[in-house]
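Reader: I've got a model open and a few things I'd like to ask about it. Could you walk me through some spots?

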Amino acid sequence: MRMKLNKLLEGIQYRSIGPFDNPTIKSLQFDSRKVEDGALFVAINGVETDGHLFIDKAIERGACVVLCEKVDKPKENVLYIQVNDSAQVLGELASRFYGAPSQKLKLVGITGTNGKTTTVSLLYDLFTQLGYTVGLISTVENKIGTEVIPSTHTTPDVITLNQLLVKMNDAGCEYAFMEVSSHAVDQKRIAGIHFEGAVFSNITHDHLDYHKTFKNYIYAKKGFFDALPKTAFALTNLDDKRGEVMLQNTAAKKVTYALRQMADYKAKVIENNLTGLVLDLDGEAFFARLVGGFNAYNLLAVYGTARLLGADKLEVLAVMSNLRAPEGRFDYIQNEKEGIVGIVDYAHTPDALEKVLQTIDKLRTGNEQIITVVGCGGDRDKNKRPLMAKVACDYSQQTLLTSDNPRTEEPEAILLDMEQGVPPYAVRKTLIIADRRQAIRTACRLANRGDIVLIAGKGHEKYQEINGVKYPFDDKEELRNALNE
């Protein structure tokens, strides 16, 4: 793809410094290491590094234009385009450079602390089974039709995102469903992207290492809805007390869903067991293969989105009844010989862990034990560590605190933080085992017939990150092996 600079900058407010000879732009880059001849380099003041420090390197590598917020020492014969917000402008330029791919399909973004991956995955499966070619952008993986592309971030950078959307256009995708993280909104990774609709699931304690305050976190999510056009829809969970906050300043069509109060899309849980959920959904009796009240919300969000996109009610319900949760979301294994149930779940926030444990507790029919193995990631929000331990202890008969992805932190230091949350009454029923494999094995050895073993935190992940190195590690495989020992 190529575009003349003056065409690329149409509608953008800027100040040019240097010779404006209207070059042909061959690529957009914000990483100086990827710059080649004919690139427009965008200097972004990021979270970890300031792109302005790499302007000279980008010029040496062949950048023909530099877009930036400040110009300290301009080089001769170099064109600088000065703007107020490089990240925002990059989004607008990327959309234009790649031919506005988000406008050529119906793109729906899902945001919230919990449920994003499940909701987008269910929507992808639903619309695929309804006969459409569909795109998916998620924490677990990206998909273009049936092609699977590995995922590195919950929401890609804006250049990668536009490139993915171009491929979806080329493959004939009519719909695409995408997780939108609070980081992505704050860092303007969705700037310039056109959304057909946005969905809010819930908001609870998470990512305060990045956002610093809960209010900042809420308003990062809200920023997604504030930017929606009036042609879009904004679907929010009315049972979450911040659900209505998301709708306050949006120009989009405001729509709600709920289990506990009146809403545009309403459901009621009739039955909840290990085989699935029975719901009264929008006035229809409906069976789903997913388990737990939290999945009732996910299913309701999926149903509401599908209806807002014009899908037929009964056709949607018929397909939804066969949908399954994505890998690592209440993923359970049953050892029939020993009568032990093992569950793997991605729950890595206090609220998500509590919801999973509440669901498991409701599934108990007698004196079965709940045995929980849980850890917390390194280099992330430290405030939630004691909360995670407390939640595990409150709902479990046995708790094993262990390592998650320690990253650059010492596992023992993370476990010390978690240990602060163990209530006095739970000390005797809590074990601390830094080795995750050993913790899973120990949990299974402690289990008796009928007991339920929950392995929380990593879900679908196939690795454990220690000191910057990712080692193969699969909770589900480890649990299966431990149950069969």
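Reader: Let's start here: in which helix is Thr-442 found?

Author: Before that, a quick note: this is a predicted model, where local features need pLDDT of at least 70, side-chain atom pairs count only at pLDDT 80 or more, and totals for chains, interfaces and linings use all residues. Residues are numbered from 1 along each chain as its sequence is written, and side-chain values use heavy atoms, with hydrogens and water left out. Helices are DSSP runs of H or I with at least four residues, strands are E runs of at least two, and both are numbered from the N terminus. By that naming, the helix spanning residues 436-446 holds Thr-442, and that's α14.

Reader: Is Thr-442 buried or exposed, and what does it touch?

Author: Buried means under 20% relative accessible area, exposed over 50%, and partly exposed in between (1.4 Å probe, protein chains only). Thr-442 has 16%, so it counts as buried. With contact meaning heavy atoms within 4.5 Å, and leaving out residues up to four places away in sequence, Thr-442 touches Leu-400, Leu-431 and Ile-433.

Reader: What about Tyr-346: where is it found, and which residues does it touch?

Author: Tyr-346 is in the loop between β20 (340-345) and α11 (350-363). It counts as buried because its relative accessibility is 17%. Not counting residues up to four places away in sequence, Tyr-346 touches Thr-139, Gly-328, Arg-329, Gly-457, Lys-458, Gly-459, His-460 and Glu-461.

Reader: How do the axes of α12 and α13 cross, and at what angle?

Author: Axes are lines fitted to C-alpha atoms, for helices over the stretch in contact, with angles from 0 to 180 degrees between N-to-C directions. Arg-385, Pro-386, Met-388 and Ala-389 in α12 meet Ile-414, Asp-417 and Met-418 in α13. The axes of α12 (residues 384-395) and α13 (residues 411-419) come within 7 Å and cross at roughly 60°.

Reader: How many aromatic pairs are found in the whole structure, and what is the one formed by Phe-127 and Tyr-132 like?

Author: Rings of Phe, Tyr and Trp (its six-membered ring) pair if their centres lie within 6.5 Å; planes under 30 degrees apart count as stacked, over 60 as edge-to-face and the rest as tilted. The search finds ten pairs. Phe-127 and Tyr-132 are 6.0 Å centre to centre with 40° between the planes, so their pair is tilted.

Reader: Are those two buried or partly exposed, and which residues are in their cluster?

Author: Phe-127 is buried at 1% relative accessible area, whereas Tyr-132 is partly exposed at 31%. Ring pairs link a cluster of Phe-127, Tyr-132, Tyr-175 and Phe-177.

Reader: Last one: what is the phi of Asn-22, and of Ala-100?

Author: Most residues other than glycine have a negative phi. Asn-22, in the loop between β2 (15-17) and β3 (24-25), has a positive value. Ala-100, in the loop between α3 (86-97) and β8 (106-111), is positive too. Phi is near 50° for Asn-22 and about 50° for Ala-100.
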